Amino acid sequence: MAPETTALRVPPADNSVKVTIVGCSGSYPGPDSPASCYLVQATDALRTWSLVLDMGNGALGALQRYVDPLQVDAVFISHLHADHCVDMTSYYVLRKYHPTGTQPKIPVWGPKGTAKRLAKAYDLPRKPGMEEEFSFRVYGDPVDIGPFRVEPYEVDHPVPAYGLRVSAFGKVLAYSGDTGPTPALMDIAADADLFLCEASFRDCDDNPPNLHLTGVEAGEVATKAAVKRLVVTHVPPWHDAQTMLAEAAGAYDGPTELAAQGTVYEL
């Protein structure tokens, strides 16, 4: 009699995309949230794939509530300001010194100079820096990972910065990153199921150009791009977030809400 065989068990592909708000505070961590970090997951016939968009101050601690950091497949850094990348230094420690041994490299996409910036942040020599733990890659063409396609678009900020359009199973997450008004937002957000859009400035203030959006501008982009849901994020703790929400809702008549640490969206 032939021995019994056990079929390989794989999670069912549910053709959905899950977005978890790990951190959404603008410019620095706030009392209720780390700085910018978003977990994007999708399950195909093989397994669940996990991408992290940005890793700002305090993000790694909160990320562990939602995923084993050793199971992350790739990290995408929108730009190299500390509130979007500095917890990569802690992630380096976790992957290098974990009790189970040094972990395999994972890809980290970012602007030119990401490897140098992160090595300097941890006071490492430029070579090897963190290149034995991470495979650093510079934004260019769209990236395919598991069921995901990630399309980077350069946006308007004082340093090289990118917004990201992340798609899987016909669902689209649009992420503005940090940016002032720019036509690139229309490419990022067009017909998106969920638009994570920063709103760091109040419309009533005399704001500097080429830096951030107001709530009104976030709402206007959402309207013009015909997105299905707008989530306002990256509000600095020195502002009343409800002001940004009211501004955005006044310019966009679809579902509009504030990003909140721990909120999960199923696309």
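Two strands count as paired if DSSP finds at least two bridges between them. By that rule, strands S1 and S14 pair: 3 bridges join them, and the two run antiparallel. The structure described here is a predicted model. Val19 stands opposite Tyr265 in S14. S1, which covers residues 17–23, is also joined to strand S2 (residues 37–43) by 6 bridges, again antiparallel. On that side, Val17 has Ala42 of S2 as its bridge partner. S1 is mostly covered, with 6 of its 7 residues buried.

These strands belong to an open sheet of 7 strands with mixed pairing, in the order S6-S5-S4-S3-S2-S1-S14. Strand S6 (134–138) and strand S14 (264–266) stand at the edges; each has a single partner strand, so one side of each is left without a neighbour in the sheet. On average, and with direction ignored, neighbouring strands of the sheet are turned by 20° against each other.

Strand S3 (residues 48–53) and strand S4 (residues 74–76) run parallel and are joined by 3 bridges.

Leaving aside residues up to four places away in sequence, Val52 touches Cys37, Tyr38, Leu39, Leu63, Val72, Ala74, Val75 and Phe76. Between Val52 and Asp73 there are 8.2 Å in space, C-alpha to C-alpha, while the two are 21 residues apart in sequence.

## Strand S11

A parallel pairing over 3 bridges links strand S10 (residues 171–175) with S11. Within this pairing, Leu173 has Leu194 of S11 as its bridge partner.

How many residues of S11 are buried? The count is 5 of the 5, so S11 is largely enclosed by the rest of the structure. Both of its faces are covered.

Helix H6 spans residues 215–224, and its residues Gly215, Val216, Ala218, Gly219, Val221 and Ala222 are buried. Which elements cover these buried residues? The cover includes strand S11 (194–198), along with helix H5 (184–189), strand S12 (230–233) and helix H7 (241–251). Just after H6, Ala226 takes a positive phi of about 55°.

## The largest pocket

Rolling a probe the size of a water molecule over the atoms shows where empty space is left. In this model, the largest pocket holds about 300 Å³ of space. It is lined by 18 residues, and those closest to its centre are Cys24, Ser25, Asp32, Val235 and Ala241. By residue type, the lining of the largest pocket consists of 10 nonpolar, 7 polar and 1 charged.

Key: Residues numbered from 1 in each chain as written. Predicted model: local features only at pLDDT ≥ 70, side-chain atom pairs only at ≥ 80, totals over all residues. Heavy atoms only, no water. Buried < 20%, exposed > 50% of the residue type's maximum accessible area, 1.4 Å probe, protein only. Helix = DSSP H or I, 4+ residues; strand = E, 2+ residues; numbered from the N terminus. Contact = heavy atoms within 4.5 Å. 1 Å grid on protein atoms, 1.4 Å probe; cavity = no way out; pocket = protein on both sides within 12 Å on 5 of 7 lines; lining within 4 Å. Points joined across faces, edges and corners; volume = space filled by probe spheres on them. Nonpolar A, V, L, I, M, F, W, Y, C, P; charged D, E, K, R; others polar. Axes fitted to C-alpha atoms, helices over the stretch in contact; angles between N-to-C directions.
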